[in-house]
Amino acid sequence: TATLGVMGGGQLGRMFVQAAQSLGYRTVVLDPDAVSPAGAVAHEHIQADYLDEAGLARLAAQCDAITTEFENVPAAALERLAQQRFVAPAGAAVAVCQDRADEKAHFQASGVACAPYALLRSDADLAAVPASLLPGILKTARMGYDGKGQLRVRSAAELAQAWDELKRVPCVLEQMLPLALELSVLVVRNAAGQVVSFPVQQNLHRDGILAVTQVPAPAASAALQQQARESAARIAASLHYVGVLCIEFFVLQDGALVVNEMAPRPHNSGHYTMNACDVSQFEMQVRALAGLPLPTPRLHSPTVMLNLLGDLWFEPGSTAERSPDWAAVLALPGTHLHLYGKTSARRGRKMGHLNITAATAAEAEAVARQAAALLGLPADW
Ligand code: ATP
Ligand code: MG
Ligand code: MG
């Protein structure tokens, strides 16, 4: 049997492995940790650092094709593997997604508008920041996620202070935009250049972390959704990207569509596809990697996804871990629980997600609100 490898052992790797196994592949995970969500379900787990030559050699020797689930895997590791095996997405494409400066340059080269921004790498850059970018959000160019490595600034003085706080690493200052809503799109492209996309997601974040995804997107017009899918396809094509790519968009209060950022992998906002589409984002990643056909995914049920963060594992104000009352949630119709098998909960840690599907969007909405109430989650969407 053919073997597929994945760099990274988190929940995205776990769900990729499960999809690969269901299509009959053997799976190997490389992750630095002895115990990981993906390593626990893969046929084999190689415990090694991402740049460890012996580990990479073992992974390449065992696999026919290799992907990544971890956005910050060193591009050099992917390039090393690509000397021996088919690797998708390629190190060069992943590298663009790892640096906000390169990412924004790529958006502009693809003809897709992003927030007005300036790069901050020197005192001269700091002094030259135009006042029109304030108030703004200062973001580290590399390694940020879930809103980490970001500070909101209102004035030049606050900007200088914020940059000090971020240790003066290379940063991007973005103008703070008046958002009406946030969308994301999953595109899938194969080595032959075929591109398909999934239905557009509407996302709500709490404290910088994805909380709720709704599909169909209730507040985005068909024309806007079409524009998002076309922009996403353009971005993937100009990157020569192979695999699943997620593009996040802002819709501004005046209705304009602006690209925010992208992730070179299946995405948290795409977990709804597991129960609401006829093919999941993880199966599409397997298909793109294995050179299998890429049919256009179809949404068969309106859906709401609730992210399940570690906070739910603690009584308010307590440090003792408990398990949420899943039986009560699963008594509701159309609920699909996905837990990632993490051994301990932490506040803000992604522990799982709950997909709710129904015959109509109104029904999915109503059940999602009941589930949220049972779990003690706000119904603010
Ligand atoms: P992720 O976990 O999605 O990778 P991240 O840490 O890379 O998140 P961003 O997506 O850049 O962070 O920003 C997080 C959130 O902050 C956005 O989803 C949006 O709600 C808000 N935000 C970011 N940039 C802007 C902006 N320029 N104007 C207004 N709001 C913004
Ligand atoms: Mg990000
Ligand atoms: Mg984001």
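1. Helices (H or I, at least four residues) and strands (E, at least two) are DSSP runs here, numbered from the N terminus. With that in hand, take residues 104–290: the span is 28% helix and 33% strand, and its end C-alpha atoms lie 30 Å apart. The UniProt record, an unreviewed entry, annotates residues 104–290 as "domain: ATP-grasp". UniProt positions are given in the numbering used here, feature names are shortened, and annotations may be inferred rather than shown by experiment.

2. A word on ground rules. This is a predicted model, in which local features need pLDDT of at least 70 and side-chain atom pairs count only at pLDDT 80 or more, while totals for chains, interfaces and linings use all residues. Residues are numbered from 1 along each chain as its sequence is written, and chains are lettered from A and ligands numbered from 1 in the order in which they are written.

3. On to the domains. The protein chain splits into domain 1 (3–87), domain 2 (116–175) and domain 3 (179–375); the bounds come from an automatic or database domain assignment. Between domain 2 and domain 3, the C-alpha centres are 29 Å apart.

4. Five strands form an open sheet in the order S3-S2-S1-S4-S5, with parallel pairing; two strands pair if DSSP finds at least two bridges between them. Strand S3 (44–47) and strand S5 (86–87) are at the edges with a single partner strand each, so one side of each has no neighbour in the sheet. Strand S4 (residues 65–68) runs parallel to S5 and is joined to it by two bridges, and Ile66 has Val87 in S5 as its bridge partner.

5. Is Val87 buried or exposed? Val87 has 26 other C-beta atoms within 10 Å and is therefore buried. The cut-offs: buried means 20 or more other C-beta atoms within 10 Å of the residue's own, exposed means 12 or fewer, and partly exposed is in between, with C-beta atoms placed from the backbone. Val87 and Asp64 are 23 residues apart in sequence, and their C-alpha atoms are 9.2 Å apart in space.

6. Strand S18 (residues 350–357) is worth a look. Eight of its eight residues are buried, so S18 is largely enclosed by the rest of the structure. Strand S16 (residues 303–309) runs antiparallel to S18, with seven bridges between them, and Thr303 sits opposite Thr357 in S18. Strand S17 (residues 335–339) is also antiparallel to S18, through five bridges; here Thr335 is opposite Ile356.

7. Helix H5 (residues 100–109) has Arg100, Glu103, Lys104, His106 and Phe107 as its buried residues. Seen down the axis of H5, they fall within an arc of 155 degrees, so they line one face of the helix (the arc is that of the directions from the helix axis to the C-beta atoms). Exposed Gln108 and Ala109 are on the face of H5 turned away from its buried side.

8. Finally, some backbone spots to check. Most residues other than glycine have a negative phi, and most peptide bonds are trans. Leu134 and Pro135 are joined by a cis peptide bond with omega about -5 degrees, and Pro135 is in the loop between helix H6 (123–127) and S7. Val215 to Pro216 is cis too, with omega near 0 degrees; Pro216 is in the loop between strand S13 (209–215) and helix H8 (222–238).

9. Met143 is in the loop between S7 and strand S8 (150–153) and counts as exposed, with 12 C-beta neighbours inside 10 Å. His240 has a positive phi near 55 degrees, in the loop between H8 and strand S14 (243–252). With 13 C-beta neighbours inside 10 Å, His240 counts as partly exposed.
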